[in-house]
Amino acid sequence: MDTYFSLTKKILNANVDLFTRTKAISIDEMNIYNSTVGNETNCSKCNGRGYIAEVISEKNIKGHEIRCYMVLRECECLNDKKENRKAQNSGTQPLLQKTFENFMASSPWQKGIKSLAEENAKGKDWFFIGGQSGAGKTHICSAITNYQSRNKIQVNYMIWNDQINELKNFEDNTMMEKLKRVECLYIDDLFKKPRGQNGLPNLSTPDIDKTWELLNFRYLNKLKTIISSELNLEEVLKIDESMGSRIKEAAGKFIISVNGSERNLRLQ
Ligand SMILES: Nc1ncnc2c1ncn2[C@@H]1O[C@H](COP(=O)(O)OP(=O)(O)OP(=O)(O)O)[C@@H](O)[C@H]1O
Ligand SMILES: [Mg+2]
Ligand SMILES: [Zn+2]
């Protein structure tokens, strides 16, 4: 830091051009700003300030740099914080409280789920859990997602039947683009629709097409996807074989089916 201060002094005293002066001043400003500590976030990249100072230069018509400025760039941690706030204001807020620590594993089937989920949380393989309502599917998937988020991986929670309508909007594909590209996506309650006579949910063609588009993109780009559903994977395969087989391949051993109403914790 001292070197910059003395550099500024020297430059200001010397008879140098405006550009060199403003550059030295801007670098000083940048270094002072970047050495402060903030309490916006607990990020080490920006020391918790949420912003990182940079020096940019303005060029004249001939392409020569004529002036320098210090600007503040938003650090990615601030974006995560905004996303968290958004999640807190939406239906996904309760999911942030679900962790491995508060997932009870008193029965062997719960122990099995927990250990597989804990292993999955450390890597990029997909995770699929289907079956019995109230068995803790949303809880365990949220725990994986929250674990990833705590490890600085960018995550998104999608509640399928809430957000599928937004994905079907042909005029605005912002949500689709966001969910396609996020590093880790959790889709809760995939294909949750009332069941028809064949026992499968009554899905429209766009319901399936848009879900396929999202999952296929993530499959091709090897982006971690966590899925919970009242359907088991065999039922997903019946609805759309190419989608089910992609999930099957990407999740490998991380496919769980929970059966039996005695496993509904809401009824206990
Ligand atoms: N093993 C567990 N330890 C602690 N809490 C649990 C456990 N399993 C489930 N719960 C709690 O029971 C409630 C129901 O669980 P959850 O919502 O995860 O079930 P689900 O399988 O997703 O059900 P649905 O199919 O209806 O969405 C939640 O509040 C959840 O935190
Ligand atoms: Mg659930
Ligand atoms: Zn930061």
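Start by selecting helix α7 (residues 174–181) and helix α8 (residues 205–220): their axes come within 9 Å and cross at roughly 35 degrees. Here axes are lines fitted to C-alpha atoms, for helices over the stretch in contact, with angles running from 0 to 180 degrees between N-to-C directions. Helices (H or I, at least four residues) and strands (E, at least two) are DSSP runs, numbered from the N terminus.

You're looking at a predicted model, where local features need pLDDT of at least 70 and side-chain atom pairs count only at pLDDT 80 or more, while totals for chains, interfaces and linings use all residues. Residues are numbered from 1 along each chain as its sequence is written, and chains are lettered from A and ligands numbered from 1 in the order in which they are written.

Still on that helix pair, show side chains. From α7, Met176, Leu179 and Lys180 meet Leu214, Phe217 and Arg218 of α8; contact means C-beta atoms, placed from the backbone, within 7 Å. By class, this contact has four nonpolar, no polar and two charged residues. The classes are: Ala, Val, Leu, Ile, Met, Phe, Trp, Tyr, Cys and Pro nonpolar; Asp, Glu, Lys and Arg charged; the others, Gly among them, polar.

Next, click on ligand 1. What comes nearest among the 17 residues around it? Ser133, Gly136, Lys137, Thr138 and His139 do, where a residue counts as near if its C-beta atom, placed from the backbone, lies within 6 Å. Helix α5 (residues 137–150) gives the largest share of this shell, three residues. Sorted by class, the shell has four nonpolar, eight polar and five charged residues.

Now color by pLDDT, the predictor's confidence in each residue, from 0 to 100. The chain averages 89.

Finally, zoom out: the chain has 10 helices and seven strands, and its C-alpha trace spans about 85 × 45 × 30 Å along the principal axes.

Notes
Two residues are in contact if their C-beta atoms, placed from the backbone, lie within 7 Å.
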